[in-house]
Amino acid sequence: MDIAGTAALVTGAASGLGAATAAALAERGATVYGLDLDKAVAAAGDQPAGVTLLAADVTREEPVRQALARIAADGAELRLAVSCAGIAPSARVVGRRGAHDLDLFRTVIDVNLIGTFNVLRLAAEAMTALEPDASGQRGLIVNTASIAAFEGQVGQIAYAASKAGVAGMTITAARDLAQHGIRVVTIAPGIVDTPMMAGFSEEVRSGLAAGVPFPQRLAAPAEYARLVTMVAEHDYLNGETIRMDGALRMAPR
């Protein structure tokens, strides 16, 4: 896929992985529409050239459809959709205050898994209306899981379940959408230096980095973004979950 001249939809685009991905795609010539919650969009400030932020809750159908309608109204062809929106609260199955809060579990599944599926299905529907390129390809959807999908730590029961669901959708979605020439790939990052990490002390951050075999550091959001562009440009990658973790295998805690 040639990124230049296409339109891309990126969720969670106001910060972290989404912001880095939106900037990287715009730099390569894509017209990027970034989705995030109202408050995040309001606080995001100026965006790189080629990036437009739109307020939308990915767990709801209508706001995502409105964003896709905006892309179509602008005369752009949506060829790439990247889901980065997600939350990661921590709670054990049974903690000091009793059993894991059921509403919290539902919320994590709703945002991380159902929100990802909502964007996947609606973006794919929009892509099916496009003319295929010379190789028969209409588009690419990149979802974000986590290595917690495979080695969830203490307190990550909801997060791990949601990300395992994202990883689990990958091959089925790729098979479902193969007839339309739409690829589906999932990236499972390890520990990335996003704004969510900003609240940790330097000692904690150093300890996390020390657990990564090599390179012994936290990943940068730009590295996730670079992997997205590599997947876009490599047309034979499909139905795969790619770990981006420096060979890290998470310990129980």
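**A first walk through the model**

Tutor: Start at V93, which is exposed, with a relative accessible area of 52%. Exposed means over 50%, buried under 20%, partly exposed in between (1.4 Å probe, protein chains only). This is a predicted model: local features need pLDDT of at least 70, side-chain atom pairs count only at pLDDT 80 or more, and totals for chains, interfaces and linings use all residues. Residues are numbered from 1 along each chain as its sequence is written, and side-chain values use heavy atoms, without hydrogens and water.

Student: Where does V93 sit?

Tutor: V93 is in the loop between β4 (78-83) and β5 (94-95). Helices (H or I, at least four residues) and strands (E, at least two) are DSSP runs, numbered from the N terminus.

Student: How many helices and strands does the protein have?

Tutor: Eight helices and nine strands. The C-alpha trace spans about 55 × 40 × 40 Å along its principal axes.

Student: What about the inside? How much counts as buried?

Tutor: Of the 253 residues, 48%. The largest nonpolar core has 30 residues. A core is a set of buried Ala, Val, Leu, Ile, Met, Phe, Trp, Tyr and Cys residues joined through side-chain atoms within 4.5 Å.

Student: Which residues have the most contacts inside that core?

Tutor: L25, V32, V82, L140, V142 and Y224. Among the elements that give two or more residues to this core are α1 (16-27), β4 and α8 (221-233). The largest share, five residues, comes from α8.

Student: What is L25 in contact with?

Tutor: Leaving aside neighbours within four places in sequence, L25 is in contact (heavy atoms within 4.5 Å) with I3, A8, V10, A30, V32, L80, V82 and T229.

Student: New topic. How many salt bridges?

Tutor: The count comes to 11. A salt bridge is a side-chain nitrogen of Lys or Arg within 4 Å of a carboxyl oxygen of Asp or Glu. E61 and R65 form one at 2.7 Å, N to O. Both lie in helix α3 (residues 61-73), four residues apart, about one turn of the helix.

Student: Is E61 buried, partly exposed or exposed?

Tutor: E61 is partly exposed, at 36% relative accessible area. R65 is partly exposed too, at 32%.

Student: What about D245? Buried or exposed?

Tutor: D245 is buried, at 12%. The side chain of D245 meets that of R243 in a salt bridge (2.6 Å, N to O). R249 also forms a salt bridge with D245, the closest N and O atoms being 3.1 Å apart.
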